[in-house]
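Please look over the sequence and the model first.

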Amino acid sequence: MKNHTLSPVLPTRPAVLVIGGSGGIGGAICRAFGQAGWHVGIQYCLNKPSAEATLEDVIAAQGTGEMHQADVRDPSSVKRMTADFARQTSSASSSVLIYTAGIGAGSLLQRQGEADWSDMMAINLTGVFHCLRAVAPVFIERGHGSIVVLGSRAGFAGAAGQAAYAASKAGLIGLVKSAALEWGRFDIRVNLVLPGWQRTTLSQGAFPDMAGWKDHALRRPPSCEEVAGTILHLAQLKDVSGQVWNCDSRHLP
Ligand SMILES: NC(=O)c1ccc[n+]([C@@H]2O[C@H](COP(=O)([O-])OP(=O)(O)OC[C@H]3O[C@@H](n4cnc5c(N)ncnc54)[C@H](OP(=O)(O)O)[C@@H]3O)[C@@H](O)[C@H]2O)c1
């Protein structure tokens, strides 16, 4: 593995910071931006080898990039990561933050433990708040910016056995819409994307064994590559903010 950490970025290359870049969906998003020639900041928390492999893919395509270690539960860690990324990409022609970090654990509500509830909120909801708050001054100073947060259908529909997860994802709806309203005057867009079922570490043990996927009009879950491509596209739309984009073919309540 070559040392690509904190390599200089081309002056006008657009730049994206992917929180959860070491994850399944985050990795696909990093590769989509890399293939489009972007500079990609890849955040990981514990899984450095996965972030390294993704960085190799980004560089093997058209992109440049570097890795950032951060724990989204810790505001000082998020602040340091954001400052490093901002320094690396000070001349970027476009600036994007994608938040895909997340955990998902199942528990019936009556048996839900305090610690697991708190951790779910800290990573899936408060972590987004930490990242939005840290990146806002950077994007405001640049006079542009685009933020995409990964939510879940569970945030709209609820999910039996996953109340904490559903509650954390429901909170994102209000957070994203409020940020869009506050920062629209700085030309900063903030949107929420629902990626549908994907086979990743997070969905292990929960991925539905559904013959026929009958609740999906198309009888299949979306491909991870299409979700990543949707996010690449949405992040560049100039006139869309405060919206929710569902990537699968289920009815959204
Ligand atoms: N998979 C699905 O079917 C599905 C469906 C709907 C919505 N989603 C949402 O999509 C997003 C991505 O999910 P995924 O399936 O790609 O999950 P994943 O493969 O398990 O990846 C999770 C990511 O979150 C990071 N992370 C966990 N705790 C962290 C912390 N404390 N600080 C910083 N980063 C942390 C992990 O980093 P390390 O591994 O480096 O520790 C990893 O990069 C999540 O928000 C999830 O809720 C997924």
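This is a predicted model: local features need pLDDT of at least 70, side-chain atom pairs count only at pLDDT 80 or more; totals for chains, interfaces and linings use all residues.

Residues are numbered from 1 along each chain as its sequence is written, and side-chain values use heavy atoms, with hydrogens and water left out.

The ligand is surrounded by 31 residues, each having a heavy atom within 4 Å of it, and the closest are Ser22, Gly24, Tyr165, Lys169 and Thr200.

| Residue | Protein atom | Ligand atom | Distance |
|---|---|---|---|
| Gly23 | backbone N or O | oxygen | 3.0 Å |
| Asn47 | polar backbone atom | oxygen | 2.9 Å |
| Asp71 | side-chain N or O | nitrogen | 2.9 Å |

Of the 920 Å² of accessible area that the ligand has on its own, the protein covers 91%, as computed by the Shrake-Rupley method with a 1.4 Å probe. Helix H1 (24-35), strand S2 (39-44) and helix H6 (163-183) each give two or more residues to the shell; helices are DSSP runs of H or I with at least four residues, and strands are runs of E with at least two.

Because 9 of its 12 residues are buried, H1 is largely enclosed by the rest of the structure, where buried means under 20% relative accessible area (1.4 Å probe, protein chains only). Among these buried residues are Ile25, Ile29 and Phe33. After H1 comes Gly37, whose phi is positive, near 90 degrees.

Technical notes
A polar contact is a pair of N or O atoms within 3.5 Å; within protein, one must be able to donate a hydrogen and the other to accept it, and residues adjacent in sequence count only if both atoms are side-chain atoms. Buried means under 20% relative accessible area, exposed over 50%, partly exposed in between (1.4 Å probe, protein chains only).
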